[in-house]
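Here is a short tour of one protein model. Look at the sequence and structure below, then read on.

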Amino acid sequence: MQLHISPSLRHVTVLPTKGVKEFIKVNVASRRVSYRMLFYFLLFFTFLLRFVFVLTTVDGIDGETKCSTLGCLGKKIGPRFLGRRIESKVPEVIYKVLEEPMSKDELKGRTDIPQSLEEFMAEVKDGRLDAKAFALRLREMVTLLEQRTRTAKIQEYLYRHVASSSIPKQLHCLALKLANEHSMNAAARLQLPSPELVPALVDNSYFHFVLASDNVLAAAVVAKSLVENALRPEKFVLHIITDKKTYSPMQAWFSLHSLSPAIIEVKALHHFDWFSKGKVPVLEAMEKDQRVRAQFRGGSSAIVANNGEQPYVIAAKLQALSPKYNSLMNHIRIHLPELFPSLNKVVFLDDDIVVQTDLSPLWDIEMNKKVNGAVETCRGEDKFVMSKRFKSYLNFSHPLIKKNFNPNECAWAYGMNIFDLEAWRKTNISLTYHYWLKKNLKSDLSLWQLGTLPPGLIAFHGHVHVIDPFWHMLGLGYQDNTSFADTESAGVIHFNGRAKPWLDIAFPKLRPLWAKYVDFSDKFIKSCHIRAS
């Protein structure tokens with residue numbers, strides 16, 4: 001049997017023949033595929049027609065010109081269907097006008113420039129401006145607003161600099177009252193610690209913490225939070241180092257506010273034999289640093305008057321003028337091996353931190369022969385705080401820095417650090433620190449600008465053991481969008497930045513984390529009008 005189908009598909013003929021089964025099997029399969037292909041083609045064509053119809057209908061609704069030719073239809077469908085970019089309909093003259101630079105003097109004294117978007121839109125509607133006039137007015141308005149925004153930001157940075165650099169009168173009052181108490185009250189001049197506890201100061205079976213500060217209230221909060229959260233406070237020894245002028249108020253506070261059973265030592269720098277003998281490199285470097293800064297910085301007025309720099313650059317330069325960067329308390333940690341020759345390991349605490357957990361497990365961390373246990377600051381959910389690398393602190397446009405370091409290497413933080421003093425004494429970390437300080441001074445502070453962390457990054461390079469971020473949460477002093485729940489769950493929180501918790505510019509929602517360790521009913525605190533908010 002044979003099956004014949006005419007080309008027009010109108011006639012089908014069936015004829016008998018030999019090998020019926022085999023013939024039918026082959027030919028029927030072939031024809032069946034042909035019908036299926038024809039069906040799919042018709043289905044696709046129908047879908048395509050509907051797609052074209054929808055597109056042209058939408059264009060008609062949008063008010064566009066109707067297409068009467070295939071070429072016009074292709075221009076409409078082509079960019080959408082084939083993914084090509086549609087050309088911009090913004091007149092070229094607008095780009096040219098907006099790209100032309102405008103000096104500050106061009107707008108000086110002008111009163112006809114729109115002050116807001118509403119004024120600008122009203123002028124556009126009333127004046128029926130052409131494209132060029134529209135662009136000119138837009139450029140004038142945006143440039144004026146940019147200038148005002150820049151001025152406002154710089155003023156904000158200047159005011160914050162003044163607020164953070166000045167000593168609040170309440171803290172000055174507290175120091176004066178405690179100094180007076182020290183001179184008049186024998187109970188405020190107790191030996192710290194008491195004679196029977198002195199051997200614990202060099203006993204490595206205790207947990208030794210070091211705090212360097214000239215701020216009595218800040219030191220009091222650190223000490224109280226450390227001891228109150230300790231599981232075995234009787235094994236905690238806190239060595240408080242201060243300067244000569246703050247020694248009497250500091251001794252008076254801790255004599256009158258016992259943290260027993262913890263052991264507290266208060267010592268001024270001039271009490272250390274090592275510090276009083278010969279020349280101390282850090283003091284020489286600080287003296288030179290102050291002279292160079294006075295010569296090249298020009299003070300805050302000169303920094304603010306520079307119209308060619310971005311506000312964030314001006315903010316960084318103002319921060320470099322902060323007294324804390326010239327404070328001996330900020331540099332003293334580099335001499336810990338000399339200050340505590342009998343100790344094997346210490347935890348160094350900044351005075352703007354609050355301890356929220358027991359810190360004795362820090363002694364169980366295996367340092368792997370490294371010197372400095374620190375939290376890295378290049379990884380974390382908070383991209384603003386935890387995004388710091390070497391290039392954030394060092395000037396990699398200087399050939400000396402570029403040659404020796406990797407700009408993308410992860411930075412770490414001061415504030416809560418474990419220092420293995422035994423391992424430290426086997427290195428040249430302190431010498432490296434002072435070597436690079438001298439290099440920076442010789443280069444007119446062109447290697448870095450801010451504080452002790454940049455030379456610390458260099459000196460401890462290759463000697464850092466990364467610890468869990470739980471032990472040190474940063475950023476509470478320069479941003480207020482920190483999650484309160486995250487701060488409560490951290491082991492140590494750090495108010496690094498200008499918004500210190502004892503200042504009026506502190507962030508209101510974060511200050512209670514610090515203030516809860518201040519006894520506002522204390523007679524010294526009350527008499528100096530130090531309040532919770």
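This is a predicted model. Start with Thr377. Its relative accessible area is 4%. Buried means under 20%, so Thr377 counts as buried. Thr377 sits in the loop between strand 8 (372-374) and helix 15 (399-404). Beyond its neighbours within four places in sequence, Thr377 is in contact with Val385, Met386, Ser387 and Lys388, and also with Cys410, Ala411, Trp412, Ala413 and Leu474.

Now turn to the strands. Strand 4 (residues 236-242) pairs with strand 5 in the parallel sense, over 6 bridges. Across this pair, Ile241 stands opposite Lys267 of strand 5. Strand 5 (residues 263-268) is mostly covered, with 5 of its 6 residues buried.

Next come the nonpolar cores. The largest has 72 residues. Leu174, Phe209, Phe254, Leu349, Leu359, Leu362 and Trp514 have the most contacts inside it. Helix 7 (residues 216-228) gives the largest share of this core, 10 residues.

| Nonpolar core | Size | Residues, among them |
|---|---|---|
| Largest core | 72 residues | Leu174, Phe209, Phe254 |

What is Trp514 in contact with, leaving aside its neighbours within four places in sequence? Trp514 is in contact with Leu217, Val221, Val354, Phe495, Pro501 and Trp502.

Terms used:
Residues are numbered from 1 along each chain as its sequence is written. This is a predicted model: local features need pLDDT of at least 70, side-chain atom pairs count only at pLDDT 80 or more; totals for chains, interfaces and linings use all residues. Side-chain values use heavy atoms; hydrogens and water are left out. Buried means under 20% relative accessible area, exposed over 50%, partly exposed in between (1.4 Å probe, protein chains only). Helices (H or I, at least four residues) and strands (E, at least two) are DSSP runs, numbered from the N terminus. Two strands pair if DSSP finds at least two bridges between them. A nonpolar core is a set of buried Ala, Val, Leu, Ile, Met, Phe, Trp, Tyr and Cys residues joined through side-chain atoms within 4.5 Å. Contact means heavy atoms within 4.5 Å.
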